[in-house]
Amino acid sequence: MNSKHAALSEKFIADEPRTNWHDETLWFVREKRDKATHGLPEWEQLREWASQIKNHTLSNLNAYLTEFEEKAKANGIKVHWAADAQEHNEIVHSIIKKNNIQKIVKSKSMLTEECHLNDYLQEKGLEVVDTDLGERIVQFRKEPPSHIVLPAIHLKKQDVSDTFHEHLNTEKGNNDPQYLTEAARQHLRSKFIEADLAITGVNFAIAETGGFVVCTNEGNADMGAHTAKVHIACMGFEKIIPKAEHLSVFLRILARSATGQAITTYSSHFHKPRPDQEMHLVIVDNGRSRQLGRADFKNSLKCIRCAACFNTCPVYRRSGGHSYHTTTAGPIGSILNPNLDMKTNADLPFASTLCGSCSNVCPVKIDIHEQLWKWRQEIVKEGYVSSDKKTAMKGMSYMFSNPALYRFVGIIGRWMMRNFPNLLKSKHNLWFKQREMPEAPKKSFRDWYIDHQK
Ligand code: SF4
């Protein structure tokens with residue numbers, strides 16, 4: 001296994017000021033989350049309820065999905081099932097073709113990103129416009145989103161200004177956020193008016209009512225769905241919750257965890273099509289059943305895509321979303337993606353310090369760092385690590401199980417650090433590649449401890 005993550009991170013961190021800015025910006029979002037959650041005495045109770053509701057739902061998925069389908073159909077929604085990304089894309093395309101539609105608007109949906117729907121439809125000659133501001137920016141730049149909530153967080157306002165100048169003919173060099181947002185607003189408004197079909201994601205699908213909820217801060221999902229004559233909503237099957245009353249738990253934890261807001265600006269409830277409208281729901285598996293069958297990783301399907309684990313992760317903040325080379329980056333991406341393709345994504349569970357901060361902030365209590373560690377074991381068992389790494393790990397294992405050897409290696413290591421620091425800083429020592437060499441301590445912690453006990 002050659003780590004693609006490490007190679008791609010190297011490109012990102014070559015620009016140090018940008019890396020620092022990325023790190024600080026996401027930490028600012030993490031702090032906003034902390035303020036919003038610490039102000040709520042029942043926060044831990046909400047997390048516990050959310051976790052239990054999701055656990056219960058995953059254990060009774062069959063029943064809740066069947067109930068949801070029945071109720072949604074009775075409401076006049078056309079329900080489709082897709083086994084994988086290809087089937088999902090074909091279903092969406094067949095609806096577009098049947099209605100003879102050329103222009104489509106799409107609000108943020110990580111599922112459609114996962115299925116590469118835009119590329120698929122564009123290959124068929126269709127225009128698909130992403131209407132979330134961040135997604136539109138990365139779409140203009142032909143880049144994937146780098147964060148599931150803040151898709152263009154890797155870009156600074158100067159980058160956005162240059163992109164808009166190229167695509168929307170805004171004034172060169174004008175990077176006033178108000179000016180740029182207004183330009184995007186006018187541009188997107190015309191796209192909403194022209195489009196005959198709107199695609200949205202789904203945040204929560206309610207088995208009891210057959211309705212679903214879409215959360216956005218920009219109101220773009222609503223603009224699309226309310227003006228188009230056909231609305232297609234796409235969801236992974238884990239978006240299901242049993243009852244409408246459970247929304248009160250999830251809507252309170254989602255926005256607080258994502259951006260530190262008390263609630264998302266628009267939490268729109270869809271139950272049935274308007275009299276002049278067609279409404280479709282595509283429910284997608286795409287590897288989720290396989291993950292459900294993996295006892296150690298099943299509960300990763302509780303994820304509500306708030307991205308709190310991204311914002312707190314020291315590796316994500318300093319390596320950027322594109323270094324994860326998958327649609328969903330960050331800690332949750334590193335436990336979901338090996339399920340989709342273990343060989344291609346074998347590097348991701350290793351892109352972590354295992355500090356556990358992701359699990360601490362997760363509003364549905366996914367044991368993310370435990371799963372990262374378990375994936376590492378699976379990946380080694382399946383033979384997807386390089387022979388160098390395997391040999392090095394065997395050596396380390398031997399050393400750590402032999403205290404005398406460990407102490408001896410410590411003495412040699414400290415001596416080398418003092419006398420031949422440049423040898424350790426060589427390009428062959430990957431550990432020191434991006435790090436400052438620490439000063440060698442005078443003695444080991446063990447010796448220090450024994451001395452202080454005397
Ligand atoms: S794993 Fe938890 S913290 Fe991370 S995106 Fe999902 S719900 Fe949010």
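These legends describe close-up views of a predicted model.

**View 1. Domain layout of the chain.** The assignment divides the chain into three parts: domain 1, domain 2 and domain 3. Domain 1 is built from two segments, 4-31 and 296-381. Domain 2 covers 41-286. Domain 3 covers 400-453. Taken over C-alpha atoms, the centres of domain 2 and domain 3 are separated by 51 Å.

**View 2. Surroundings of the ligand.** The ligand is surrounded by 15 residues. Cys-303, Cys-306, Cys-309, Ile-332 and Cys-362 are the closest. By class, the shell holds 13 nonpolar residues, 1 polar residue and 1 charged residue.

**View 3. Helix α16 against helix α18.** Helix α16 spans residues 330-340, and helix α18 spans residues 368-381. Their axes come within 9 Å and cross at roughly 35°. The crossing of α16 past α18 is left-handed. On α16, the contact is made by Pro-331, Ile-332, Ser-334, Ile-335 and Pro-338. On α18, Ile-368, Gln-371, Leu-372, Trp-375 and Ile-379 take part. The contact has 8 nonpolar and 2 polar residues, with no charged residues. Ile-332 of α16 belongs to this contact and is also among the residues closest to the ligand.

**View 4. Buried residues of helix α11.** Helix α11 runs over residues 220-227. Its buried residues are Asn-220, Ala-221, Met-223, Gly-224 and Ala-225.

Key: Residues numbered from 1 in each chain as written. Predicted model: local features only at pLDDT ≥ 70, side-chain atom pairs only at ≥ 80, totals over all residues. Near = placed C-beta within 6 Å. Nonpolar A, V, L, I, M, F, W, Y, C, P; charged D, E, K, R; others polar. Buried ≥ 20, exposed ≤ 12 C-beta atoms within 10 Å, placed from the backbone. Helix = DSSP H or I, 4+ residues; strand = E, 2+ residues; numbered from the N terminus. Axes fitted to C-alpha atoms, helices over the stretch in contact; angles between N-to-C directions. Left-handed = near helix turned anticlockwise from the far one by under 90°. Contact = placed C-beta atoms within 7 Å. Domains from an automatic or database assignment.
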